[in-house]
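Let's take a friendly walk through a place where two protein chains meet. Have the viewer open as you read, and look up each residue as it comes.

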Amino acid sequence: MNTKLLNHNVNPEYADLFTFKNENEEIEHEAQMISFRVLSEVEKACEGLKIKKKDLAEKIGSSKSYITQLFNGSKSINTTLLAKFEKILDATFEIKLRLNSDSYCDFLTKEFLAKGNSLFNMQTEGGRWYYCKDRNNDYSIEADTFAKLQTDKKIKQIA
Amino acid sequence: MNRFCEILSTSEDGKIAICVDKQNKEEILAYVRQSERHLKKFRFIVQLILEGHRNAELYDKEDINGRCDNVTAMKFFKGQENGRIYCVEQRLDRKYIIIAVQLHSRKKTQKNTKREKSIIEKIAQYEYEIIES
């Protein structure tokens with residue numbers, strides 16, 4: 001289970017399911033995934049605000065079938081549409097860039113430390129626990145939340 | 001009812017896995033591999049699930065009753081051939097696993113038919129163990 005495609009781990013026996021034929025196909029896939037990630041946030045927000053897709057369509061001045069096409073990937077989002085979503089949801093999209101050279105742990109740790117928090121770990125009979133301290137609170141994080149940190153030398157240095 | 005599944009792919013943090021039912025593997029994978037179009041759609045659905053995104057047009061619960069709230073469906077080309085791969089969501093060994101269980105290559109009506117409800121109710125009972133492929 002060590003082949004890495006699409007930023008996740010693929011069982012090598014089924015690598016063909018997740019392997020792109022060429023770079024163009026990979027870029028097309030990633031472009032659509034960016035659209036899906038944004039739309040996922042829109043869908044979650046709409047569910048929270050109890051806005052149906054039909055209402056969303058009305059508010060952006062389009063049809064329900066257009067919204068359906070956006071969500072099923074037949075149409076792509078553009079920045080004008082993003083702005084309309086922000087206005088309807090009274091929200092702002094936040095953009096974060098994660099370097100692919102960073103491991104998931106690197107990313108989580110950078111995010112955590114960037115907020116001025118500190119992180120250290122402790123081995124107990126019950127297993128390894130990670131304790132976090134931010135400006136206001138001390139709290140512990142379940143070991144499995146940061147399971148990969150256990151083998152990450154960078155984290156041990158920080159700890 | 002205990003059944004077996006194989007892992008296709010896991011999320012980067014290892015907490016979510018997409019699996020396939022051992023018994024129905026050939027049929028499900030043949031459906032996914034039948035065309036580039038199907039493969040592309042499958043990759044999107046898998047990546048959406050593994051990254052924890054929401055998209056009810058592509059993957060959602062088959063909420064027919066309270067006994068089946070662990071059953072979901074990967075949706076292929078709604079409004080066209082309208083294929084489904086029914087899935088079961090389950091916790092196992094600190095992982096959240098989504099098992100592609102049964103193919104329904106053409107869903108013809110918007111509401112679930114008796115036959116579809118019967119499939120969903122049946123697979124809701126399945127419990128899985130992961131085996132090495």
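## Starting from one residue

If we leave aside its neighbours within four places in sequence, A:Asp16 is in contact with B:Arg33 and B:Arg43. Please keep in mind that this is a predicted model. You can find A:Asp16 in the loop between strand 2 and helix 1 (23–49) of chain A. Is A:Asp16 buried, partly exposed or exposed? Its relative accessibility is 38%, so A:Asp16 counts as partly exposed. With B:Arg33, A:Asp16 makes a polar contact from side chain to side chain, at 2.7 Å. Within its own chain, A:Asp16 lies 11 residues from A:Ile27 in sequence, and their C-alpha atoms are 17 Å apart in space.

## The two chains together

Now let's step back to the whole interface. How many residues does the contact take from chain B and from chain A? Chain B gives 34 residues and chain A gives 37 residues. Between them the chains bury about 3,300 Å², and 49% of that is on carbon and sulfur atoms. On the chain B side, B:Glu12, B:Arg43 and B:Arg54 supply 24% of the area that this chain buries against chain A, more than any other three residues. B:Arg43 is also one of the residues in contact with A:Asp16.

In chain B, the elements that give two or more residues to the side touching chain A are strand 1 (2–10), helix 1 (25–33) and helix 2 (36–50). Helix 2 of chain B gives the most, with 11 residues. By type, the residues on this side of chain B are 12 nonpolar, eight polar and 14 charged.

The rule finds five salt bridges across the interface.

| Pair | Kind | Distance |
|---|---|---|
| A:Arg37 and B:Glu51 | salt bridge | 2.8 Å, N to O |
| A:Asp16 and B:Arg33 | polar contact | 2.7 Å |

Strand 2 (residues 8–10) of chain A and strand 1 of chain B run antiparallel and are joined by two bridges. Here A:Val10 stands opposite B:Ser9.

## Chain A as a whole

Chain A has six helices and five strands, in the order β-β-α-α-α-α-α-β-β-β-α along the sequence. Of its 159 residues, 34% count as buried.

Technical notes:
Residues numbered from 1 in each chain as written. Chains lettered and ligands numbered in written order. Predicted model: local features only at pLDDT ≥ 70, side-chain atom pairs only at ≥ 80, totals over all residues. Heavy atoms only, no water. Contact = heavy atoms within 4.5 Å. Buried area = accessible area lost by both parts, 1.4 Å probe. Salt bridge = Lys/Arg side-chain N within 4 Å of Asp/Glu carboxyl O. Helix = DSSP H or I, 4+ residues; strand = E, 2+ residues; numbered from the N terminus. Nonpolar A, V, L, I, M, F, W, Y, C, P; charged D, E, K, R; others polar. Pairing = 2+ DSSP bridges. Buried < 20%, exposed > 50% of the residue type's maximum accessible area, 1.4 Å probe, protein only. Polar contact = N/O pair within 3.5 Å; in protein donor to acceptor, adjacent residues only side chain to side chain.
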